[in-house]
Amino acid sequence: MTTPTAHGRTIGVAVPIPEPYGSELQDWRRAFGDPLADAIPAHITLLPPTEIDDADRSIVHTHLKEIASRFAPFRVHLRGTATFLPVSPVVFVALAQGISGCERLSQAIRTGPLDVELSFPYHPHVTVAHHVSEEAMDNAFDTLAGYDAGFDVSAFSLYEHGADGFWRRERDFELTGKGTRV
């Protein structure tokens, strides 16, 4: 994760996982021994950690509001587990539905003032184990293999990374587009 400069902040944009699923997945992440379980709320990343200048904050808010106005709400269905091994030691809950909606949102968000290059190809997911032992990763993979939850996405959220290492939800952007649901 990046650390903000004296005149900047580190932000991220994500779909927050609603209750009861958000707390449930966070509890599982904690149970698997992930050291960041309490610092990162359960989410689907749309924009990875990105540093912005304080002076650009209102420009970023305007950009995100405009993006949200172009997209209609859509459905996400979480089902089963997968991993990024051997590229990255991550176990995640996979999206069975809503992949296209997340991909389109992510691509639109990563334009204009948030035009950032990704380190890896975009793949929407919900991390449940990272920075844990191989045994804990196997446990996470097996334990949540039958995970199944669905919810409507009617907004995405701007998060800010605090000096204490915790990510906090700062503002929601309602999806108000009139297009067809994805």
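Trainee: Is R30 buried, exposed or something in between?

Mentor: R30 is partly exposed, because its relative accessible area is 38%. Buried means under 20% relative accessible area, exposed means over 50%, and partly exposed lies in between (1.4 Å probe, protein chains only).

Trainee: Which residue forms a salt bridge with R30?

Mentor: That is D38, and the closest N and O atoms of D38 and R30 are 2.7 Å apart. A salt bridge is a side-chain nitrogen of Lys or Arg within 4 Å of a carboxyl oxygen of Asp or Glu. D38 is partly exposed too, with a relative accessible area of 44%.

Trainee: Before I go on, what kind of model is this?

Mentor: This is a predicted model: local features need pLDDT of at least 70, side-chain atom pairs count only at pLDDT 80 or more, and totals for chains, interfaces and linings use all residues. Residues are numbered from 1 along each chain as its sequence is written, and side-chain values use heavy atoms, with hydrogens and water left out.

Trainee: Thanks. How many salt bridges are there in the whole structure?

Mentor: A search of the whole structure finds 10. One of them joins R29 and D34, with the closest N and O atoms 2.8 Å apart.

Trainee: And are R29 and D34 buried or exposed?

Mentor: Both R29 and D34 are buried.

Trainee: What does E160 pair up with in a salt bridge?

Mentor: The side chain of E160 meets that of R57 in a salt bridge, at 3.9 Å from N to O. E160 lies in strand β7 and R57 in helix α2 (residues 57-70), so this pair ties together parts that are 103 residues apart in sequence. Strand β7 covers residues 155-161. Helices (H or I, at least four residues) and strands (E, at least two) are DSSP runs, numbered from the N terminus.

Trainee: Which residues are linked with E160 in a network of salt bridges?

Mentor: R9, D54 and R57 are linked with E160 in that network. The side chain of E160 also makes a polar contact with the side chain of R9, at 2.9 Å. A polar contact is a pair of N or O atoms within 3.5 Å; within protein, one must be able to donate a hydrogen and the other to accept it, and residues adjacent in sequence count only if both atoms are side-chain atoms.

Trainee: Got it. What does the side chain of T50 reach?

Mentor: The side chain of T50 reaches the backbone oxygen of P48 at 2.7 Å. T50 is found in strand β2 (residues 43-53), and it counts as buried because its relative accessibility is 8%.

Trainee: New topic: the backbone. Which peptide bonds are cis?

Mentor: The bond from E19 to P20 is cis, with omega near 5 degrees. P20 sits in the loop between β1 (8-16) and α1 (21-31). Another cis bond joins L85 and P86, where omega is about 5 degrees. P86 is in the loop between β3 (74-83) and β4 (90-97).

Trainee: Why point those out?

Mentor: Because most peptide bonds are trans, and most residues other than glycine have a negative phi.

Trainee: So what is the phi of H131?

Mentor: H131 is not a glycine, yet its phi is positive, about 60 degrees. H131 lies in the loop between β5 (125-130) and α4, and it counts as partly exposed at 49% relative accessibility.

Trainee: What about helix α1, where does Q26 stand?

Mentor: Q26 lies in helix α1 and is buried, with a relative accessible area of 14%. The C-alpha atoms of Q26 and A129 are separated by 9.9 Å, although the two are 103 residues apart along the chain. E24 lies in helix α1 as well, and its relative accessible area of 34% makes it partly exposed.
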